[in-house]
Amino acid sequence: MAIPALALSAYQNAMSQSAGIQSKVSRSLAKPAAPTEGFGQTLTDSLKQVNDMQNQKATMVQSFASGETQNVHELMINLQKASSAMQMTTAVRSKVLDAYRELVKIQF
C-alpha cells in the first residue's frame, strides 16, 4: 500500500508542528529560576527610586520658581509622579506596620 505524497507531506507537517508545541509546553512547565535579589534589595531599590523622584521634584520646582524653566506640563507631571510614588510608599509602610503589630499580638 503506497502512501500518497500529499498525505505524507501533511503527516510530516503535523509532526513538525507537534514537536514545536511540545517544546513550548515543556518550557512553560519548567520551574522558574530563583530570584537573584531578595525582598530587602527590592525594597531598598524602590525607596531609592522614590527618593530620586522627590529630589527631582524639588529641583524642578526650584528651577521653575527661579524662572529657569517655563514648562508647566512637565513640572505638573513630575509633581504627580512624585506624589503618587510617595502615597504608594506610605501605603506599603502602613501595611508592613499593620503586619508587624499583628505579629506582636500573637502569644506563644
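This is a predicted model: local features need pLDDT of at least 70, side-chain atom pairs count only at pLDDT 80 or more; totals for chains, interfaces and linings use all residues.

Q: Why is E102 called partly exposed?
A: The relative accessibility of E102 is 49%.

Q: What makes E102 and K105 a salt bridge?
A: The closest N and O atoms of K105 and E102 are 3.9 Å apart. A salt bridge needs a side-chain nitrogen of Lys or Arg within 4 Å of a carboxyl oxygen of Asp or Glu, so the pair K105 and E102 qualifies. In general, side chains of opposite charge can pair when their charged atoms come close.

Q: Why are K105 and E102 separated by about one helical turn?
A: Because K105 and E102 are three residues apart in helix 3.

Q: How do you know whether K105 is buried or exposed?
A: K105 has 60% relative accessibility. The cut-off for exposed is over 50%, so K105 counts as exposed.

Q: How many salt bridges does a search of the whole structure find?
A: The search finds two. Besides the bridge of K105 and E102, there is a salt bridge between the side chains of R101 and D98.

Q: What makes R101 and D98 a salt bridge?
A: Their N to O distance is 3.5 Å. The limit is within 4 Å, so R101 and D98 meet the rule. R101 and D98 are also three residues apart in helix 3, so about one helical turn separates them.

Q: Why do R101 and D98 count as partly exposed?
A: R101 has a relative accessible area of 48%, and D98 has 40% relative accessibility.

Q: Which residues form the nonpolar patch on the surface?
A: The patch is made of F39, L43, L47, V92 and V96, with about 490 Å² of accessible area together. Helix 2 (39–66) and helix 3 (72–105) each supply at least two of its residues. Helix 2 gives the largest share, three residues.

Q: Which residues line the largest pocket?
A: The lining consists of F39, L43, S46, L47, V50, T89, V92, R93 and V96. Helix 2 and helix 3 are the elements that give two or more residues to this lining, and helix 2 has the largest share, five residues. About 200 Å³ of space lies in this pocket.

Q: How do the residues lining the largest pocket divide by kind?
A: Six are nonpolar, two are polar and one is charged. Arg counts as charged, so R93, which is in the lining, is the charged residue.

Q: Why is K57 called partly exposed?
A: K57 lies in helix 2 and has 26% relative accessibility. Buried would need under 20% and exposed over 50%, so K57 counts as partly exposed. K57 and M76 are 19 residues apart in sequence and 9.4 Å apart in space, C-alpha to C-alpha.

How values were computed. Residues are numbered from 1 along each chain as its sequence is written. Side-chain values use heavy atoms; hydrogens and water are left out. Patches are made of residues with over 30% relative accessible area and no salt bridge: like charges are joined within 9 Å, nonpolar side chains (Val, Leu, Ile, Met, Phe, Trp, Tyr) within 5 Å. Accessible areas come from the Shrake-Rupley method with a 1.4 Å probe; for residues, only the protein chains shown count as cover. Helices (H or I, at least four residues) and strands (E, at least two) are DSSP runs, numbered from the N terminus. On a 1 Å grid over the protein atoms alone, a cavity is a set of points where a 1.4 Å probe fits but cannot get out, and a pocket is an open set with protein on both sides within 12 Å along at least five of seven lines; lining residues have an atom within 4 Å of a point. Grid points are joined across faces, edges and corners, and a volume is the space filled by probe spheres set on the points. Buried means under 20% relative accessible area, exposed over 50%, partly exposed in between (1.4 Å probe, protein chains only).
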